[in-house]
Amino acid sequence: MLKITITDLSDEQRWSLQGLLTGQWAAELKSTWREKRQAGDMRRCIVEMIEVTAIDHNGEAVLAEIMGQGAEFIAGDVYTKHLLRQMRSELKRNRTKEKEDIGGNH
């Protein structure tokens, strides 16, 4: 099970995740994210993952989508911190490659 708590403030939106970020629960987070994060919402978004106990490939895909939209993450355990660091590096590499591809097509 995954518990998702969303706190809306004037300058930020804070998401707190507790439990399993796997399978159907990852799909639930993806659906909730797309519903609650309005296009054009310029508030800072923070995702707290301190109480996430497991993440599978589905969960990683959802986190990559959320990270790609500019969310900041807070993690508690070593594995989750490592996973998020890897994902940030991959996202940065992909963005750099996209810029190079666009720049080379003039």
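Axes here are lines fitted to C-alpha atoms, for helices over the stretch in contact, with angles running from 0 to 180 degrees between N-to-C directions. With that in hand, here's a quick tour of this predicted model. Four strands make an open sheet of mixed pairing, ordered 1-2-3-4, and helix 2 (residues 57-68) packs on that sheet. The axis of helix 2 also comes within 10 Å of the axis of helix 3 (residues 78-103).

**The sheet**

- Strand 1 and strand 4 (72-75) sit at the edges, each pairing on one side only.
- On average, neighbouring strands are turned by 15° against each other, ignoring direction.
- Strand 1 (residues 2-8) pairs with strand 2 (residues 12-21) in the antiparallel sense, over seven bridges, and a hairpin of three residues links the two.
- Lys-3 has Gln-18 in strand 2 as its bridge partner.
- Strand 2 and strand 3 (residues 44-55) run parallel, joined by nine bridges; Trp-15 stands opposite Val-47 in strand 3.

**Helix 2 on the sheet**

- Helix 2 touches strand 2, strand 3 and strand 4, and its direction makes about 170° with that of strand 3.

**Helix 2 against helix 3**

- The two axes cross at roughly 55°, which means that helix 2 is oblique to helix 3.
- The crossing of helix 2 and helix 3 is right-handed.
- From helix 2, Glu-60, Leu-63, Ala-64, Met-67 and Gly-68 take part in the contact; their counterparts in helix 3 are Tyr-79, Leu-83, Leu-84, Met-87, Arg-88, Leu-91 and Arg-95.
- Sorted by class, that helix 2 and helix 3 contact comes to eight nonpolar, one polar and three charged residues.

Key: Residues numbered from 1 in each chain as written. Predicted model: local features only at pLDDT ≥ 70, side-chain atom pairs only at ≥ 80, totals over all residues. Heavy atoms only, no water. Pairing = 2+ DSSP bridges. Contact = heavy atoms within 4.5 Å. Parallel < 35°, antiparallel > 145°, perpendicular 65-115°, else oblique. Left-handed = near helix turned anticlockwise from the far one by under 90°. Nonpolar A, V, L, I, M, F, W, Y, C, P; charged D, E, K, R; others polar.
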